[in-house]
Amino acid sequence: MKFINIGFGNMVAVDRIVALVSPDSAPVKRLIQDAKDEGRTIDVTCGRRTRAVIITDSEHVILSAIQAETIANRLDDGGMDDEDDEEETET
């Protein structure tokens with residue numbers, strides 16, 4: 001199983017991702033609110049502004065403070081980014 005970093009040391013399984021979208025449109029905002037009401041939201045923003053919304057095959061909605069484009073690049077790169085390499089060598 002392959003994981004990607006979605007910010008602040010949080011990981012998500014690549015195989016479970018259905019969609020990666022920006023939180024700016026009204027339909028996505030409704031989707032987030034509905035998921036919050038039903039308890040399907042996972043907020044990993046650490047209090048920061050939501051910049052990407054990840055929708056999983058289990059219908060969970062993950063809110064990330066990392067931009068959707070950055071997460072998409074990490075998916076293309078196999079999950080590792082230059083920042084990730086630095087974080088792993090420090091710990």
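What follows is a short chat about this predicted model.

Me: How many helices and strands are in the protein chain?
Reply: Three helices and six strands. From the N terminus on, the order is β-β-β-α-β-β-β-α-α.

Me: What is the mean pLDDT of the chain?
Reply: The mean is 89, and 86% of the residues reach 70 or more.

Me: Where is the pLDDT below 50?
Reply: Over residues 84-91. Beyond near neighbours in sequence, that stretch has six contacts in the model. Where pLDDT is low, the predicted coordinates should not be read in detail.

Me: OK, packing. Which residues make up the largest nonpolar core?
Reply: Eleven residues: Ile4, Ile6, Val12, Ile17, Val44, Ala52, Ile54, Ile62, Ile66, Ala68 and Ile71.

Me: And which elements give two or more residues to this core?
Reply: Strand S1 (3-7), strand S5 (52-56) and helix H2 (68-76).

Me: What lies apart from it?
Reply: Another core, of seven residues. Val28, Ala35, Ile55 and Leu63 are among them.

Me: What share of the residues counts as buried?
Reply: Of the 91 residues in the protein chain, 33%. The chain exposes about 5800 Å², and carbon and sulfur atoms supply 46% of that area.

Me: How about contacts in the chain between residues at least 6 apart in sequence: what percentage join residues at least 24 apart?
Reply: 48% of them.

Me: Back to S1. Why is S1 largely enclosed by the rest of the structure?
Reply: Because four of its five residues are buried.

Me: Which way do S1 and S2 run, parallel or antiparallel?
Reply: Antiparallel. Four bridges join S1 to S2, which covers residues 10-13.

Me: What sits between the strands of that hairpin?
Reply: Two residues. In this hairpin, phenylalanine 8 takes a positive phi near 55°.

Me: Now asparagine 5. Where is it found?
Reply: In strand S1. Its bridge partner in S2 is methionine 11.

Me: Is asparagine 5 buried or exposed?
Reply: Buried. Its relative accessible area is 7%, and the cut-off for buried is under 20%.

Me: What does the side chain of asparagine 5 reach?
Reply: The backbone nitrogen of glycine 7, at 2.7 Å.

Conventions: Residues are numbered from 1 along each chain as its sequence is written. This is a predicted model: local features need pLDDT of at least 70, side-chain atom pairs count only at pLDDT 80 or more; totals for chains, interfaces and linings use all residues. Side-chain values use heavy atoms; hydrogens and water are left out. A nonpolar core is a set of buried Ala, Val, Leu, Ile, Met, Phe, Trp, Tyr and Cys residues joined through side-chain atoms within 4.5 Å. Buried means under 20% relative accessible area, exposed over 50%, partly exposed in between (1.4 Å probe, protein chains only). pLDDT is the predictor's confidence in each residue, from 0 to 100. Contact means heavy atoms within 4.5 Å. Two strands pair if DSSP finds at least two bridges between them. Accessible areas come from the Shrake-Rupley method with a 1.4 Å probe; for residues, only the protein chains shown count as cover. A polar contact is a pair of N or O atoms within 3.5 Å; within protein, one must be able to donate a hydrogen and the other to accept it, and residues adjacent in sequence count only if both atoms are side-chain atoms.
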